[in-house]
Amino acid sequence: MTMTEQTEHIIEINHLVKRFGDNVILNDLTLNVSKGEVVVLIGPSGCGKSTLLRCLNGLEPIQGGSVTLHGEPVEHGKPSLYNVRQKIGMVFQSYDLFPHMTVLKNITLSPLKVQNRSKEEVTEKAMELLKRVGLEDKANSYPSELSGGQKQRVAIVRSLIMNPDIMLLDEITAALDPEMVHEVLNVVLGLADSGTTMMIVTHEMAFAEAVADRIIFLDGGVIVEEGAPAEFFHHPKTERAQRFLKTFTYSR
């Protein structure tokens, strides 16, 4: 990324507070994501990583602070959320594909119905994206005929075809068998190389180091440490980050 790209913030998070009852999940969290940047969130289970992504997409109400996309508020339950959310792609652990629809119909449904784009343009774009992720020959297959890795790649394409300004990826390999993980991670690496802005939650440490421009280490709802991947993984500054990394069989 150039310095010019880094100055253009896609997402701005200011003093974000998220609680479930009396349980504080995110505590006064401030973070910006720049155009073309890949930010990877890591940390122990329950530290707030996935909840943060849900707040960024307006899926969860927040109890303090603000989230904006290109300066537009992302507010749960507000009428403005519909338009803002069109600019945010989100991929979950579960694929959420319609079982009665072919791969191609799963991908083209939203751009046709929500964005009112032409069928010809959307179909052409869908096939282009399927080719990009190695699934061009699966366009007329049904989800039941696909492997877990193939379903997740379709889910990524379904988000990409909406032309989002940022992609949010939440543990997208967690439900996959180990041998299928690499095919999904390779797709994400390709997106990073093409300049796609992303925030990624993952427990795959080697992948995090390979794909990230910046690592954010969360614990207890706060940012404990952040930095460039090489610096974080090889020279973590905080004792908490050092202990966390020791729990992984992480090859250095």
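Reader: At what angle do H6 and H7 pack, and how far apart are their axes?

Author: Helix H6, residues 148-160, and helix H7, residues 178-193, pack at an angle of about 20 degrees, and their axes lie 8 Å apart. Because angles under 35 degrees count as roughly parallel, H6 is described as roughly parallel to H7. The crossing of the two helices, H6 and H7, is right-handed.

Reader: What is there to notice about the phi of His-15?

Author: Most residues other than glycine have a negative phi. His-15, however, has a positive phi, near 50 degrees, and this residue belongs to strand S1, residues 9-20. With a relative accessibility of 47%, His-15 counts as partly exposed.

Reader: And where is Glu-171 found, and is Glu-171 buried or exposed?

Author: Glu-171, whose phi is likewise positive and near 50 degrees, is found in the loop between strand S7, residues 166-170, and H7. Its relative accessible area is 7%, so Glu-171 is buried, the cut-off being under 20%.

Reader: Over which residues is the pLDDT below 50?

Author: Where pLDDT is low, the predicted coordinates should not be read in detail. The chain averages a pLDDT of 92, and 96% of the residues score at least 70, but over residues 1-6 the pLDDT is below 50. Beyond near neighbours in sequence, that stretch has 8 contacts in the model.

How values were computed: Residues numbered from 1 in each chain as written. Predicted model: local features only at pLDDT ≥ 70, side-chain atom pairs only at ≥ 80, totals over all residues. Heavy atoms only, no water. Axes fitted to C-alpha atoms, helices over the stretch in contact; angles between N-to-C directions. Helix = DSSP H or I, 4+ residues; strand = E, 2+ residues; numbered from the N terminus. Parallel < 35°, antiparallel > 145°, perpendicular 65-115°, else oblique. Left-handed = near helix turned anticlockwise from the far one by under 90°. pLDDT = per-residue confidence, 0-100. Contact = heavy atoms within 4.5 Å. Buried < 20%, exposed > 50% of the residue type's maximum accessible area, 1.4 Å probe, protein only.
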